[in-house]
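Welcome! Take a moment to turn the model around on your screen before reading on. Then let us walk through it together, one part at a time.

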Amino acid sequence: QQGLFTGVFFSLSFLARFLIEFTKENQSEFENGLMLNMGQLLSIPFFLIGIYLLIYAVNKIKTVKTSNC
């Protein structure tokens with residue numbers, strides 16, 4: 001289904017990146033004052049896009065199944 005594979009890829013890969021960033025040291029001084037480092041902040045939008053694509057694809061599959069009945 002359209003968007004399903006991309007949604008799975010985005011959500012899993014950027015979730016993994018978000019979690020791996022906890023083990024990294026900060027790359028610059030301004031990150032010391034932040035609650036999350038820059039890699040984590042940049043991963044959040046892509047993770048949310050992946051979740052949106054998954055929801056879109058699942059809803060589209062449900063719509064197709066109910067219209068075929």
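## The helix H2

Let us begin with helix H2, which covers residues 38-67. Helices here are DSSP runs (H or I, at least four residues), and they are numbered from the N terminus. How far apart should the ends of H2 be, at 1.5 Å a residue? The 30 residues should span 44 Å, and the end C-alpha atoms are 45 Å apart, which agrees. The expected span is 1.5 Å times one less than the number of residues in the helix.

H2 also has a kink of about 25° at Ile44, shortly before the proline Pro45. The bend at a residue is the angle between two axes, one fitted to the seven residues ending there and one to the seven starting there.

## How to read this model

This is a predicted model, in which local features need pLDDT of at least 70 and side-chain atom pairs count only at pLDDT 80 or more, while totals for chains, interfaces and linings use all residues. Residues are numbered from 1 along each chain as its sequence is written, and side-chain values use heavy atoms, with hydrogens and water left out.

Which residues of H2 are buried? They are Gly39, Gln40, Ser43, Gly50, Leu53 and Ala57. Buried means under 20% relative accessible area, exposed means over 50%, and partly exposed lies in between (1.4 Å probe, protein chains only). The buried residues of H2 pack against helix H1, residues 4-20; contact means heavy atoms within 4.5 Å.

Val8 lies in helix H1 and is partly exposed, because its relative accessibility is 34%. Val8 and Ile51 are 43 residues apart along the chain, yet their C-alpha atoms are separated by 7.8 Å. Ala16, also in helix H1, is partly exposed with a relative accessible area of 34%.

## A nonpolar patch

Phe30, Leu34, Leu41, Ile44 and Leu48 make a nonpolar surface patch of about 430 Å². Patch residues have over 30% relative accessible area and no salt bridge; like charges are joined within 9 Å, and nonpolar side chains (Val, Leu, Ile, Met, Phe, Trp, Tyr) within 5 Å. The areas come from the Shrake-Rupley method with a 1.4 Å probe, and for residues only the protein chains shown count as cover.

Leu34 sits in the loop between H1 and H2 and is partly exposed, at 35% relative accessible area. Leu48 belongs to helix H2 and counts as exposed, because its relative accessible area is 52%.

## The salt bridges

Side chains of opposite charge can pair when their charged atoms come close. A salt bridge is a side-chain nitrogen of Lys or Arg within 4 Å of a carboxyl oxygen of Asp or Glu. How many are found in the whole structure? The search finds 2 salt bridges.

Glu21 pairs with Arg17 (3.6 Å, N to O), and Lys24 bridges to Glu21 with the closest N and O atoms 3.4 Å apart. Shared partners join Arg17, Glu21 and Lys24 into one network. Is Glu21 buried or exposed? Glu21 counts as buried, at 8% relative accessibility, whereas Arg17 is partly exposed at 33% and Lys24 is partly exposed at 37%.

Note on methods
Helix = DSSP H or I, 4+ residues; strand = E, 2+ residues; numbered from the N terminus.
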